[in-house]
Amino acid sequence: MVSLASTHPIPSTSAIGSVMIALNWYTDEAGIDTGKKHHVKKNQRSAPRSKDIYLHLLVKLYRFLARRTDAKFNKVVLKRLFMSQINRPPLAISRIVHYVGDKSEGKTVVVVGTVTDDLRLLDVPKISIAALRVTDSARSRILAAGGEVLTFDQLALRAPTGKNCILLRGRKSAREAVKHFGAAGVPKSHAKPYVRSKGRKFEKARGRRSSRGYKN
């Protein structure tokens with residue numbers, strides 16, 4: 001009778017160890033994605049989508065300032081230079097005067113976007129503004145009041161760390177499209193419907209009159 005030990009020799013300890021190491025490598029590394037640390041897409045921009053060469057020069061300048069200074073101001077300005085136009089809403093002079101008030105003495109208001117005029121504001125105070133763009137009427141009113149309009153490269157020379165600067169931006173929700181977000185015609189909803197005309201015959205039944213179900 002032949003013994004099993006002679007036909008099937010017992011493997012050595014070193015052989016068992018090497019097999020276990022190979023199995024561990026296979027389960028941990030070989031083609032098995034054990035966590036969600038891989039293939040993570042960064043959604044924030046690292047450069048502007050625009051092809052404007054002057055905007056790219058400003059990005060180059062503020063990328064340097066954000067890297068070589070400890071000021072958070074430069075990092076915020078750089079991030080806003082990357083943004084799309086919807087995320088850089090315009091700001092009227094009247095809102096700037098409302099926000100700043102009497103604190104504008106010796107300060108520079110910084111807007112990474114467009115500064116527009118507001119005819120409802122009768123008196124424009126003396127104010128210093130740095131912006132990507134200023135409309136012609138707003139510029140003339142600011143300069144007539146003794147103020148000044150700066151570009152961002154001039155601002156970088158005057159305040160490389162953002163000292164004595166007030167960073168402002170407009171409301172993103174001021175767009176007409178935002179009024180239509182949501183489901184119009186649903187109870188408790190105040191979304192603006194897309195209607196042909198605002199008259200007696202257009203969407204004045206259920207949801208628009210108390211006698212027809214409900215009225216928002």
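What share of the 216 residues in the protein chain is buried?

1. Buried residues, those under 20% relative accessible area with a 1.4 Å probe and protein chains only, make up 29% of the 216 residues in the protein chain. The model is predicted: local features need pLDDT of at least 70 and side-chain atom pairs count only at pLDDT 80 or more, while totals for chains, interfaces and linings use all residues. Residues are numbered from 1 along each chain as its sequence is written, and side-chain values use heavy atoms, with hydrogens and water left out.

2. The protein chain holds eight helices and five strands, taken as DSSP runs (H or I, at least four residues, for helices; E, at least two, for strands) and numbered from the N terminus. Their order from the N terminus is α-α-α-α-β-α-β-β-α-β-α-β-α.

3. Among contacts (heavy atoms within 4.5 Å) with a separation of 6 or more in the protein chain, 45% join residues 24 or more positions apart.

4. Helix α4 spans residues 72–82, and its buried residues are Phe73, Asn74, Val77, Leu78, Arg80, Leu81 and Phe82. The elements covering these buried residues include α3 (53–68), β2 (108–116), β3 (128–134), α7 (152–158) and β5 (165–168).

5. Helix α3 also contains Leu57. Leu57 counts as exposed (over 50% relative accessible area) because its relative accessibility is 53%.

6. The protein chain exposes about 16100 Å², of which carbon and sulfur atoms supply 56%; accessible areas come from the Shrake-Rupley method with a 1.4 Å probe.
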